[in-house]
Amino acid sequence: MIAAVLAVVCMIGACSSPFALPTSGDVRTLQPVLRQSKRVYTTPDGPETDAQPEAIVTGFLDALPAGVQDDGYRVAREFLTDEAAESWNGDKSAIIYDGAVSTRRKTNSTGTSDTQSDGSVIVVVSVNATGRLDKQGLFSAAGAGDATVDYRLVRQDGQWRISELPDGVIISESDFEQVYRQVSVYRTDRTRAVLIPDVRWFSWRNWRTLAVRESLASPPDWLAGAAVDLNTADVRLAVNTVPMTDGDMHVQLTDDIAAMNDDDRALLVHLIRLTLGDGTASDAVKVTSDNGDYSAADNGMMLAASLPVTGMYTLSGGNVVSLRSASPLRVAQTGGFDGALGFVYADGGGAVLRADHAVECLADDGSSCGLLFSGRRMRAIVKGVDGEIWAIGEDGRSLFVSRDGVTSRVAVPWLDDGTAMTAIAVSPEGSRLAVSLKAANSGGDDAAVGNADGGASGGGTNGGDADGGSAAGGDVDGGGSVDGDDAGTGGTRSAGVAVSGVVRGDDGLPDALSDGYAFAAAQTGVTMLTFYNDVMLVYGEDADDDGVQPAFRQITPGPAEDQQLPENTVALASGMISSYRRLVALDAKGMVRSASGSLDGAWAFADSQVAALSAQ
């Protein structure tokens with residue numbers, strides 16, 4: 001959980017969440033996961049004398065990683081004409097691809113030659129795009145299919161050079177990992193007590209400058225309404241760099257910072273400090289303007305990135321079982337739920353998604369406390385913060401939250417008529433929602449099973465029956481634009497995984513998701529998701545008839561990598577087992593296993609004869 005950590009509490013090492021997370025258990029400082037430290041510098045070669053157009057384009061592409069990482073495209077510009085080198089902006093966007101690069105010459109309008117009527121040559125580059133990056137460092141997944149980009153070449157001083165090309169770069173997945181740095185730009189919700197990581201990807205050579213620039217900018221569309229914009233005074237960087245000075249990162253801001261009130265200024269400085277410190281309020285950050293030194297503006301502020309210790313529970317033989325200790329321990333007994341489709345639980349109680357798709361409230365002792373959501377039929381339930389239980393309507397078109405006996409419908413403004421939700425996961429701080437999407441089936445609103453409603457608290461997992469869907473994403477086509485300005489912030493996709501902000505009202509209850517969303521993954525059959533920590537999302541599909549089960553993990557939104565799961569996994573969750581936070585999987589035979597040590601760790605037995613799995 002990312003939470004505001006109060007100084008007096010944290011000094012004794014037992015922090016409780018100020019926004020009503022489980023009230024028992026320690027809060028631990030978040031250790032950044034998979035922070036990149038791999039910096040492989042390359043020294044690419046410039047163009048060879050009398051090189052053919054294909055070789056010029058290939059050499060240009062080979063020089064791009066060094067341009068992103070270190071040399072500012074010095075060598076890459078040698079492959080361009082003087083005019084193109086002056087105007088081309090490599091930092092505007094990126095296409096990330098896997099596999100081989102294909103090049104071919106485009107024939108002229110009559111189809112008789114690969115030389116154009118003006119004597120130029122057009123080389124078409126095709127790649128299998130897996131993602132795109134915009135100029136703000138926002139990642140968006142790409143769907144299946146090739147992206148194509150055109151490069152026009154002419155002779156300059158007798159040598160082929162690229163004269164027309166789109167802004168931005170094309171870069172392989174392996175090079176992307178080396179030359180871009182993941183940065184969480186920290187923001188707060190409207191209470192200013194909850195930290196929200198806004199994941200970006202910046203070039204290593206100037207990541208600090210870009211990170212501060214985005215800290216001062218408004219939240220992206222996919223977090224609109226969930227994260228607040230503190231910079232009402234339009235404070236900007238006074239110089240286009242954040243240099244290292246005597247071991248400190250020196251952030252030089254415009255004098256507009258003086259117009260901010262003390263509280264806003266302190267929080268803005270603190271968020272810059274957290275962003276540059278990877279979630280730690282680094283002392284090695286100096287913040288100044290021409291009218292003063294503001295480095296001490298946030299003195300005493302203890303807002304920090306942290307995760308709570310949250311328990312792991314299973315529903316087994318009608319019993320609620322805690323897996324927090326080394327041995328499974330029964331903590332409550334229910335009346336039994338044959339064929340349970342979902343389950344959430346924490347110290348204060350929980351809920352079960354029954355086989356008839358009704359959601360039954362559980363008291364802390366496991367006894368029934370009525371039906372939730374006015375008896376509506378649901379397809380998946382998951383635990384949120386502050387005792388919230390989230391649910392997807394059976395039709396996949398509606399989203400609900402129940403808390404303390406109050407049910408509200410959550411608007412999803414970007415959900416098209418042809419798209420349905422199949423599974424959800426609430427981020428640890430409760431300000432973001434990951435949603436699996438698929439092509440919608442026709443049908444009406446969710447029918448009610450009963451008419452009672454009640455409140456409960458719990459910790460969550462997903463149910464649902466996603467079954468594929470159409471491919472999402474789009475290609476960069478014949479015009480050759482690499483522009484990714486809109487990547488990750490809205491649009492409509494028929495299938496995949498989206499992440500969107502949670503907009504809350506004055507009462508703290510969710511009213512809607514943000515107007516936009518980040519398209520995090522193009523996988524079309526995702527049936528289970530869980531936030532392993534504040535930025536790492538793990539998700540998977542159901543196993544097919546041959547036992548093949550695609551599963552992935554990613555810093556969200558960001559490039560995905562494969563995640564190994566136990567055979568025929570049917571549910572995923574994350575929580576504490578034997579004092580460690582672990583990824584937990586339930587298989588079709590009722591066996592629960594946890595990944596030991598890391599997401600790549602061996603899968604160890606945790607429980608058996610389990611009907612459903614629950615976690616924060």
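Author: Start with helix H5. Its buried residues are Trp207, Thr209, Leu210, Ala211, Val212, Glu214, Ser215 and Leu216. Keep in mind that this is a predicted model.

Reader: How many residues of H5 are buried, and where does the helix run?

Author: H5 spans residues 207-216, and eight of its 10 residues are buried. That makes the helix mostly covered.

Reader: Take H6, then. What span is expected for H6, and what does the model give?

Author: At 1.5 Å a residue, 21 Å is expected. From first C-alpha to last, the 15 residues of H6 reach 21 Å, close to that value. H6 is also mostly covered, with 13 of its 15 residues buried.

Reader: Which residue caps the N-terminal end of H6?

Author: Asparagine 261 does. One of its side-chain oxygens lies 3.1 Å from the backbone nitrogen of aspartate 263.

Reader: And what happens just after H6?

Author: Look at aspartate 278. Its phi is positive, about 55 degrees.

Reader: Now arginine 273 in H6. Is arginine 273 buried or exposed?

Author: Buried means under 20% relative accessible area. Arginine 273 has 6% relative accessibility, so it counts as buried.

Reader: Which side chain makes a polar contact with the side chain of arginine 273?

Author: That of aspartate 298, at 2.9 Å.

Reader: What else is arginine 273 in contact with?

Author: Leave aside neighbours within four places in sequence. Then arginine 273 is in contact with Thr280, Ala281, Ser282, Asp283, Val285, Ser295 and Asp298. Aspartate 298, the polar partner, is in that list.

Reader: Last topic: disulfides. How many does a search of the whole structure find?

Author: The general idea: a disulfide is a covalent bond between the sulfur atoms of two cysteines. The search finds one in the whole structure. Cysteine 361 and cysteine 369 form it, with their sulfur atoms 1.8 Å apart.

Reader: What is the handedness of this disulfide, and why?

Author: Read the torsion about the S-S bond. For cysteine 361 and cysteine 369 it is about -75 degrees, so the disulfide is left-handed.

Reader: Where do cysteine 361 and cysteine 369 stand in accessibility?

Author: Cysteine 361 is buried, at a relative accessible area of 0%. Cysteine 369 has 30% relative accessibility, so it counts as partly exposed.

Terms used: Residues numbered from 1 in each chain as written. Predicted model: local features only at pLDDT ≥ 70, side-chain atom pairs only at ≥ 80, totals over all residues. Heavy atoms only, no water. Helix = DSSP H or I, 4+ residues; strand = E, 2+ residues; numbered from the N terminus. Buried < 20%, exposed > 50% of the residue type's maximum accessible area, 1.4 Å probe, protein only. Polar contact = N/O pair within 3.5 Å; in protein donor to acceptor, adjacent residues only side chain to side chain. Contact = heavy atoms within 4.5 Å. Disulfide = S-S within 2.5 Å. Expected span 1.5 Å × (residues − 1).
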